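Hi,

Here is the structure I promised to pass on.

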Amino acid sequence: MHKMTSRTFPSTTSLRCFEASARFLSFTKAAQVLHMTQSAVSKQVIHLEDSLNTTLFDRSLKGLNLTPSGKIFLAEA
């Protein structure tokens with residue numbers, strides 16, 4: 001992860017999507033809790049990953065797992 005400036009702060013929506021996805025390890029369950037679509041949650045997390053220039057989740061057919069960077073970011077967020 002790189003140092004963030006005020007111009008690169010993530011949106012509160014993307015932070016909420018990340019936190020819920022990390023809590024449930026599921027974009028679908030996060031979407032239900034946040035009253036959003038699964039696609040919208042996934043896109044918000046991808047946008048957050050792009051702005052941080054790091055991968056926060058390992059995605060597989062079995063579901064999501066936090067990467068080491070994701071675990072650190074979750075603790076900070």
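Starting with the pair of helices I looked at: α1 and α4 cross in a left-handed way (the near helix is turned anticlockwise from the far one by less than a right angle; clockwise would be right-handed). Before you read on, this is a predicted model, where local features need pLDDT of at least 70, side-chain atom pairs count only at pLDDT 80 or more, and totals for chains, interfaces and linings use all residues. Residues are numbered from 1 along each chain as its sequence is written, and side-chain values use heavy atoms, with hydrogens and water left out.

Back to that pair. The axes of α1 (residues 12–24) and α4 (residues 68–76) come within 11 Å and cross at roughly 115 degrees; axes here are lines fitted to C-alpha atoms over the stretch in contact, with angles running from 0 to 180 degrees between N-to-C directions. The two helices are therefore roughly perpendicular (65 to 115 degrees). On the α1 side, Leu15, Phe18, Glu19 and Ala22 meet Gly70, Phe73 and Leu74 of α4, a contact being heavy atoms within 4.5 Å. Sorted by class, that makes five nonpolar, one polar and one charged residues (Ala, Val, Leu, Ile, Met, Phe, Trp, Tyr, Cys and Pro are nonpolar; Asp, Glu, Lys and Arg are charged; the others, Gly among them, are polar).

As for the overall layout, the chain has four helices and two strands, in the order α-α-α-β-β-α. Those are DSSP runs numbered from the N terminus, helices being H or I of at least four residues and strands E of at least two. Of the 77 residues, 34% are buried (under 20% relative accessible area; exposed is over 50%, partly exposed in between, with a 1.4 Å probe and protein chains only).

Next, α2 (residues 27–34). Phe27, Ala30, Ala31 and Leu34 are buried there. Looking down the axis of α2, the buried residues fall within an arc of 100 degrees, so they line one face of the helix; the arc is taken from the directions from the helix axis to the C-beta atoms. They pack against α1, α3 (38–52), β1 (57–60) and β2 (63–66).

Finally, two loop residues. Leu25, between α1 and α2, has a positive phi of about 50 degrees although it is not a glycine, and is partly exposed at 36% relative accessible area. His35, in the loop between α2 and α3, also isn't a glycine and has a positive phi, near 60 degrees; at 74% relative accessibility, His35 is exposed.

Cheers

Technical notes: Angles under 35 degrees count as roughly parallel, over 145 as roughly antiparallel, 65 to 115 as roughly perpendicular and the rest as oblique.
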